[in-house]
Amino acid sequence: MSPEGVEDVDVIVVGGGPGGSTLASLVAKQGHRVVILEKEHFPRYQIGESLLPSTIHGICRLIGVSDKLAQAGFTLKRGGTFRWGSNPSPWTFSFSISSRMAGETSFAYQVERSKFDKILLDNSRRIGVDVREGCSVTDVIGDDERVRGVSYVDATGNEKKIYSRYVVDASGNKSRIYQRIGGPRQYSEFFRSLALFGYFENGKRLPAPNSGNILSAAFDSGWFWYIPLSEKLTSVGAVVRREMASKVQGDPERALQALIDECPMVKEYLGDAKRVTEGKYGQIRVRKDYSYSNTRFWRPGMALIGDAACFVDPVFSSGVHLATYSALLAARSINSVMAGVIDEEAAFKEFELRYRREYGVFYEFLMSFYDMHVSESSYFWSAKKVTKNTHSELESFVDLVGGVSSGEAAFTETTSVAQRFKDRSKEFADAIDEVVAGQEQSMLPLFKSSVVQQAMQESSQVQARAVLGEDAEAETPLFDCGLVPSPDGMFWSAAG
Ligand SMILES: Cc1cc2nc3c(=O)[nH]c(=O)nc-3n(C[C@H](O)[C@H](O)[C@H](O)COP(=O)(O)OP(=O)(O)OC[C@H]3O[C@@H](n4cnc5c(N)ncnc54)[C@H](O)[C@@H]3O)c2cc1C
């Protein structure tokens, strides 16, 4: 119970990034009183501009922003182009190779995060969330039993308190609120990189139809991302290994140029380009992108989602996917407990297990992907082994990096799998020929992992549910808690 005279709501969300706004929308849709406390005033700058189809066609459809995103003019991302591994030539995958992302769901967007995040936050407001910008949460209020609210400084500098049944920390990687969940944050020994990034105008584009692809180019000190944000604007960043940290020190302009000079493909693409030097894109920024995971993701009354809980190396653009997917999982738990259908322990255990598993998939996959001594056909062939499906190696790989599973092809559209295969048969056959021609017999141990297979299944079900709603097939539980998503995807329910 809140002390008399102190504001009391159902859920407080700390941070209005994609994780926070998604969770708030999904809980407010059930009629609960939700407050977002956001430190900044939107639109605000954020890194993390390349998105996955599972976010756009799964989560964004569930929260009701698909039309707004379609109208925003974001660059269409049909896949990825890599200069990576032992192959000296760039290789490309397209999401449409996957039958699960065929047709209308075979793309994602490259977004200016200031615009994308504002669309999601405004949407929360539209749904009924009380969004308060310029409000910085300073601490969590709680006792041994549970978390009960937060203290914050409002936009006029006044210190305030709000009580709630749940506090969700979605405050990203810089805030310290997560410490109040208990248990330390564990940093990866493997992924300890530094990123140095800026923005350029008039950079070259990949040939059509791949001009909107993310380009990832490895070089001796690390790798570059090259993300076409609009016809003119490109986001360019170097991710360098920890032992190369001296390369991102000193004058940032010079450091970035020196790294560009080390990477022939990016150097060529920026041959006629000019770095943006004014406005929000005028700064060269440095970010430690060390991967980490908290030892706990929840305690009674509080949960961590998005970067507040964990982060994994950005090479597969999984950050916003993990933030919004964890928001969906936590929203289900909150909705279920508040509706009195599942007890708190079971609901949040399910949230944590599924979230950890999804994080683990990307983590494990990335460890293998950093093996530069194999060619792309080795990644594709191994992906087929892990998914155990009847489709091509390339398709298995694309499912993994697109954030969708291998077994739920019919769910992404209402037409049948067979029809979609027929429609796309030429592109698909060509792709298979390419893979078979370069196939290697080595197999990465990662792809034997059952955790990878399970997580792929779940993320496709998210997309399927968004498209088909209550018509989606019944699911089987993944863990001992025995919980499955309800037909509308908004709650947990006991299987059976
Ligand atoms: C170098 C690099 C490249 C990346 N590239 C990609 C990419 O291409 N694609 C991708 O998907 N991801 C990428 N990411 C990851 C991505 O940036 C994050 O995973 C994503 O933004 C996480 O979303 P979130 O909602 O958890 O947090 P955020 O987007 O960080 O939002 C958190 C919000 O909380 C607010 N906040 C913080 N503290 C407080 C407080 N005390 N009180 C109130 N509000 C607070 C902040 O102002 C912010 O608005 C990249 C990351 C790095 C480091």
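Strand 11 and strand 18 (residues 292–294) are joined by 3 bridges and run antiparallel, where two strands are taken to pair if DSSP finds at least two bridges between them, and where helices (H or I, at least four residues) and strands (E, at least two) are DSSP runs numbered from the N terminus. Within this pairing, Tyr187 stands opposite Tyr292 of strand 18. The two strands belong to an open sheet of 3 strands with the order 11-18-21 and antiparallel pairing. Strand 11 (185–187) and strand 21 (310–311) stand at the edges with a single partner strand each, so one side of each is left without a neighbour in the sheet. Helix 8 (residues 344–369) packs on this sheet, touching strand 18 and strand 21, and its direction makes about 170° with that of strand 18. Here contact means heavy atoms within 4.5 Å, while axes are lines fitted to C-alpha atoms, for helices over the stretch in contact, and angles run from 0 to 180 degrees between N-to-C directions.

The model is predicted, so local features need pLDDT of at least 70 and side-chain atom pairs count only at pLDDT 80 or more, whereas totals for chains, interfaces and linings use all residues. Residues are numbered from 1 along each chain as its sequence is written, and side-chain values use heavy atoms, with hydrogens and water left out.

The protein has 13 helices and 23 strands, and buried residues make up 61% of its 496 residues; buried means under 20% relative accessible area, exposed over 50%, and partly exposed in between (1.4 Å probe, protein chains only). Among contacts between residues at least 6 apart in sequence, 74% join residues at least 24 apart.

**Helix packing**

| Helix pair | Angle between axes | Distance between axes |
|---|---|---|
| Helix 1 (residues 18–28) and helix 2 (residues 53–63) | about 50° | 9 Å |
| Helix 7 (residues 319–338) and helix 8 | about 170° | 8 Å |

Helix 7 and helix 8 are therefore roughly antiparallel to each other, on a scale in which angles under 35 degrees count as roughly parallel, over 145 as roughly antiparallel, 65 to 115 as roughly perpendicular and the rest as oblique. Their contact draws on residues including Leu322, Tyr325, Leu329 and Ile334 of helix 7, and on residues including Phe348, Phe351, Tyr355 and Phe362 of helix 8. By class, this contact of helix 7 with helix 8 has 12 nonpolar, 3 polar and 4 charged residues, where Ala, Val, Leu, Ile, Met, Phe, Trp, Tyr, Cys and Pro count as nonpolar, Asp, Glu, Lys and Arg as charged, and the others, Gly among them, as polar.

Helix 1 and helix 2 pack at an angle of about 50°, which makes helix 1 oblique to helix 2. In this pair, Thr22, Ser25 and Leu26 of helix 1 meet Ile59, Leu62 and Ile63 of helix 2, and the contact has 4 nonpolar, 2 polar and no charged residues. Just after helix 2, Gly64 takes a positive phi of about 90°.

**Nonpolar cores**

A nonpolar core is a set of buried Ala, Val, Leu, Ile, Met, Phe, Trp, Tyr and Cys residues joined through side-chain atoms within 4.5 Å. The largest has 116 residues, of which Val11, Leu23, Phe316, Phe351 and Phe397 touch the most other members. Leaving aside neighbours within four places in sequence, Leu23 is in contact with Val11, Val13, Val168, Ile305, Ala327, Ala330, Ala331 and Ile334. Another core lies apart from the largest one and has 24 residues, among them Leu206, Val240, Ile260 and Val266.

In strand 13 (residues 214–219), 6 of the 6 residues are buried, so strand 13 is largely enclosed by the rest of the structure. Ile214, Ser216 and Ala218 cover one side, and Leu215, Ala217 and Phe219 the other. Strand 13 pairs with strand 4 (residues 79–83) in the parallel sense over 4 bridges, and Arg83 has Ala217 as its bridge partner in strand 13. With strand 14 (residues 222–228), strand 13 pairs in the antiparallel sense over 5 bridges, and Ala218 stands opposite Trp223 of strand 14.

Strand 13 and strand 14 form a hairpin with 2 residues between them, and Asp220 is found in the loop between these strands. At 68% relative accessibility, Asp220 counts as exposed. Not counting residues up to four places away in sequence, Asp220 touches Arg241, Met244 and Glu262; Asp220 and Glu262 are 42 residues apart in sequence and 7.7 Å apart in space, C-alpha to C-alpha.
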